[in-house]
Amino acid sequence: MATTQTGSKAAGNSTASPLTNSPVTERASEAAHHAVDAMAGKAATAEDTLRRTAASSKATIDQKQEELKMQMQGSYERSKQFAQENPLAAAGIAFAAGMLVSALLRRGN
């Protein structure tokens, strides 16, 4: 008899929403929604921080790249000036560097 009453109760409530008859499920659903909303807020904050850090890093890298470019140009100009003022010494240095590189390449094989 208990089975029959339970069956008729379920049949009688078929028009009601499943959540209205399930307070535990409804509370769990609300808690899950709150948790997802909280995570979305934290993810948005983390994304914003990451974007600002990336933009700052890019600016720093661009600045360092420009500084390095200026240093390389300065070194090139000093080397060029040295070679013009001391052509024999520059040829000797180039020859010695070529011999060193050649010796290193032969050892590697």
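Glu47 and Arg51 sit four residues apart in helix H2 (residues 23-85), so about one helical turn separates them. Helices here are DSSP runs of H or I with at least four residues, strands are runs of E with at least two, and both are numbered from the N terminus. In general, an α-helix has 3.6 residues a turn, so residues three or four places apart point the same way.

Before going on, a word on the source. This is a predicted model, where local features need pLDDT of at least 70 and side-chain atom pairs count only at pLDDT 80 or more, while totals for chains, interfaces and linings use all residues. Residues are numbered from 1 along each chain as its sequence is written, and side-chain values use heavy atoms, with hydrogens and water left out.

Back to the pair. Glu47 and Arg51 form a salt bridge, with their closest N and O atoms 2.9 Å apart. The term means a side-chain nitrogen of Lys or Arg within 4 Å of a carboxyl oxygen of Asp or Glu. Glu47 is partly exposed at 41% relative accessible area, and Arg51 is exposed at 56%. The cut-offs are these: buried is under 20% relative accessible area, exposed is over 50%, and partly exposed is in between, with a 1.4 Å probe and protein chains only.

How many salt bridges does the structure hold? There are three. Another one joins the side chains of Asp48 and Arg52, at 3.1 Å from N to O. Asp48 and Arg52 both belong to helix H2, four residues apart, about one turn. Asp48 is partly exposed, at 41%, and Arg52 is exposed, at 53%.

Then there is Asp62 with Lys58, whose closest N and O atoms are 2.9 Å apart in a salt bridge. These two are also in helix H2, four residues apart, about one turn of the helix. Asp62 is partly exposed at 35% relative accessibility, whereas Lys58 is exposed at 51%.

Now the rest of the protein. Its secondary structure comes to three helices and zero strands, in the order α-α-α from the N terminus. Helix H3 (residues 87-108) has 22 residues and spans 32 Å from first C-alpha to last, close to the expected 32 Å. That expected span is 1.5 Å times one less than the number of residues.

Is H3 covered or hardly covered? Hardly covered: the count of buried residues among its 22 is zero. For the protein, buried residues make up 0% of the 109 residues.
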